[in-house]
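User: Please take a close look at one part of this structure. Keep it brisk, and give the cut-offs for each term.

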Amino acid sequence: MFLILIFVINLQRKNTKRAPNFRRLLKTSNVKLANKLKNKQYKQQNVAKKYRKEQKQLRQAARDVSAKVPKPLDQPKRKQPDDEYEVEEEHLPLDMLDDDDLEYMQSVGRNALFLTRNLNSSEPIHVKKRKNENKIEQYEKMPRHLDTEPDKELIHLLPFKDKRGIIPRSVEKPVAMEEEEEEVPAVVQLHEEAMEPLPLLSMEERLLLRRKTLEDKKMHIATLASSILSAPDKNIKKLKELRSMLMEKDPHVAVTVRKLVMVSLLEIFKDITPSYRIRPLTEVEMTTKVRKETIYLREFEEGLVCQYKFYLENLEQTVKDWKQMKKKKSNVVSLKAYKGLAEVAIKCICELLVALPHFNFHNNIAVLVVPLMNDTSRKISAMCCETVENLFKQDKIGQASLCLVKIISGLVKSRTYQLRPAVLKTFLALRIKEVEVKKDSEDIAPKKRFLTCKEKKKNLSRMQRKWKKAEEKLEKELLETEAAESKDKKLKLHTEILNIVFLTYFRILKKGQKSVVLPVVLEGLAKFAHLINVEFFDDLLVVLYSLIDSGSLKYRECLHCIQAAFHILSGQGDVLNIDPMKFYTHLYKMLFALHAGNTNEEVLIMLQCLDVMLTKRRKQVSLQRAFAYIKRLTTLALNVLPNSAIGILATNRVLMNSFPKMDILLDSESQGSGLYLPELDEPEYCNAQNTALWELHYLQRHFHPVVQRFAAHLSVGAPSEGSGALRPELSRKHATELFEEFSMKGMTFNPPITSSTSNKKKPAMQCAFLDSELQNQINRLLENPPDAKELNFVEDLQTEPCT
């Protein structure tokens, strides 16, 4: 009864048990599926194991059957002498045996096999074949017997192995006959003739052979290049074949072929290289499963980077071999030809530096190019400097420029400031107009973009923190996927570049004042002076004035010092209360030291200095200083070339408009006290207001029509309207633009003058700076048939520059 009760209670418990929920059912179903999969794998492994075991047993049985097949015994041939029975009788005394014993021994000998066995082997005849039996040792232990006959010799050949075992081979060497002895010298003679060098080719045949070989090489290069360009991802392996032609061994075409391959690979890499940098894969990316297209793309990128690296190494090695002049290379390419080969390699490296600034190994190329900027060869140095300038001009962001500027700065420091000025002149091509200027402490402190964890907990609720986290994550993703470079990054890079440039300039100003690069440094300071930090202004102005006052600088270097000083004061230096009277005095003194009979850029720099010193700072310039400058400039215009005179008169026109009281200089009656002192070098105390611009009357009779017009325009007070006003094409242009427009460097005469005896009309002579009236006079002179003296004058005018 008690047992029945317990059974009922258990039954009730089972019935009242809750049904399992969905999560538990899902969990148990996953476990069951995993167990089923494991069982299935175990069954497959057992079946495969059982199959391998059966195959092993079958192979073992086949080996046993082949081992039980009787093998033929090797019986070496032995020559029996004629008196065989006599020898046996000597060694075997049969007369001492009984007849029964002799008969028994003979019967046993006929049935036994041990007499025919190999006595060197101690194993039984039908032994089972061992697994690790060494057949070579067994073959080596086999006795070898040589023929005693003099007329037959055996030549032992390599044995071969079959199912029966190792079978030795030998061939009988026949005796040489008299006929064969006669034939042997003929064969030797033919062999010797074949070894003799070919007859020397003539020069014409050599050229034809070289031309044919070169054409074949060109066709091969063109075929490989076209196949690579047609499908780069499929034919990337052909890059290796094309690159291997850089090691051409034929000395007749080696130089030409290597040059062609270098240029071909250059163009190929410029075409097939992607517009992004290829980075190496991480371990996680290598182990992650990806699609076939991704694997295909990765293989192409890996092959491209590898071949590009090897190509750069070949170019670098070519340049190093030329520098070191290794004699081991002279057997293929002569040392004289290595220079041309190295120039092509350097040109390819320079093209890659400009064309692929975003791709891999760009910094390595920069490290190779920068030292060549200071090379002893002018051609190579000019090529590398021009390449760096082009890169600076086209680099809008500044990443590539920053790398090159760092390397150039290190080169200048390592050479102790003794290098070519063209190296530092490349800094002038930098496109830097704005930098980060830290004015207040708030600007110096870094801006916090995101709140810290403590600030979030303190100021935000739980829901607000959740939304804030999502917003920050979204903002970071948007910044990463932004295609255009931010302005902040550009300013940061430009600031870093300019800091390195100024650090190089200041080092040279401090330690290398006698260096040949000092003029370039002063020119660079004059260009970037408005971007210098205000903290350096006082020290820099003191250094610049000491350089001018020392007297060791040339005319152009002094102009650059003055230009740099006023650029400093025109930018952030406006807030400083500094009167650069010393610089005004130096420039006023230097005006009459200008070379008047030469077309140079010193006039252009002087006009730029006057624009910064007088026009842009007209509120800080006294009237006496302006009078002195305009008087001395007008006097200087009488002694210089026409283009310089036009630029100076255009500057005077601007000064007259900037200072309205300049009309005093156009009056012949002196006003004020004192006399004008033209030889005094102090513009404030020379009393220029007591003189007149009488030079304008002489300039109105100048042979150049543009100079005449400017002089007439200034003599009536430089009006903007009326009969004395200038034409719009002259009045709207700056003084420096007019100087470059009427420069005599680019002057040409087209077309040439023909003979006077010709009945055709003489074409007009074109000159770069000639006015229309002067042009008409020359045309009338050419149309009328001149005399002999006049003809000689016209021919001289054609060949010599216009003056």
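Analyst: Leucine 157 belongs to strand β1, residues 153-162 (strands are DSSP E runs of at least two residues, helices H or I runs of at least four, numbered from the N terminus). Leucine 157 is partly exposed, at 34% relative accessible area (buried is under 20%, exposed over 50%, partly exposed in between, with a 1.4 Å probe and protein chains only). The model is predicted: local features need pLDDT of at least 70, side-chain atom pairs 80 or more, while totals for chains, interfaces and linings use all residues. Numbering runs from 1 along each chain as its sequence is written, and side-chain values use heavy atoms, without hydrogens or water.

Now the aromatic rings. The whole structure holds twelve aromatic pairs (ring centres within 6.5 Å, using the six-membered ring of Trp; planes under 30 degrees apart are stacked, over 60 edge-to-face, the rest tilted). Phenylalanine 269 and tyrosine 308 pair edge-to-face, with centres 5.1 Å apart and planes at 65°. This pair links helix α9 (residues 254-272) to helix α11 (residues 292-324), across 39 residues. Phenylalanine 269 is buried at 1%, and tyrosine 308 is buried at 0%.

Tyrosine 584 and tyrosine 629 are also edge-to-face, because their planes meet at 75° with centres 6.5 Å apart. Tyrosine 584 sits in helix α24 (residues 581-590) and tyrosine 629 in helix α26 (residues 623-637), so the pair ties together parts 45 residues apart in sequence. Tyrosine 584 is buried at 1%; tyrosine 629 is buried at 0%.
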